Amino acid sequence: QAEDGIRDVERSRGLGDVYKRQILVCPRCKGELLLEEDKLICRTGNIAFPIKNDIPIIVMKEAIDLGSN
């Protein structure tokens, strides 16, 4: 965590700003999105959204079904 307590400079991928992550939610269920590698994962809806060129693509037609594990 940076001195200002806002950014994780070491791990930032453009989504490292805490405020930005707090406003990104799943468009289907409004659940929390978790950053994992090159995707944002919604555990509640069991779907993922890709991140392309550091831009999250959070639209249902781009959603990746993670199955019913």
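**Exercise 1.** Is Lys 52 buried, partly exposed or exposed, and what is its relative accessible area?

*Solution.* The model is predicted, so local features need pLDDT of at least 70 and side-chain atom pairs count only at pLDDT 80 or more, while totals for chains, interfaces and linings use all residues. Residues are numbered from 1 along each chain as its sequence is written, and side-chain values use heavy atoms, with hydrogens and water left out. As a first step, recall the classes: buried means under 20% relative accessible area, exposed over 50%, and partly exposed in between, with a 1.4 Å probe and protein chains only. Lys 52 has a relative accessible area of 44%, and therefore counts as partly exposed.

**Exercise 2.** Find the salt-bridge partner of Lys 52 and describe where the two residues lie.

*Solution.* A salt bridge is a side-chain nitrogen of Lys or Arg within 4 Å of a carboxyl oxygen of Asp or Glu. The partner of Lys 52 is Glu 62, and the closest N and O atoms are 3.6 Å apart. This pair links distant parts of the chain, since Lys 52 is in strand β3 and Glu 62 in the loop between β4 (55–56) and β5 (64–65), 10 residues apart. Strands (E, at least two residues) and helices (H or I, at least four) are DSSP runs, numbered from the N terminus. Glu 62 is also partly exposed, at 28%.

**Exercise 3.** Which residues does Arg 28 touch, leaving aside residues up to four places away in sequence?

*Solution.* Contact means heavy atoms within 4.5 Å, and by this rule Arg 28 touches Gly 45, Ile 47 and Met 60.
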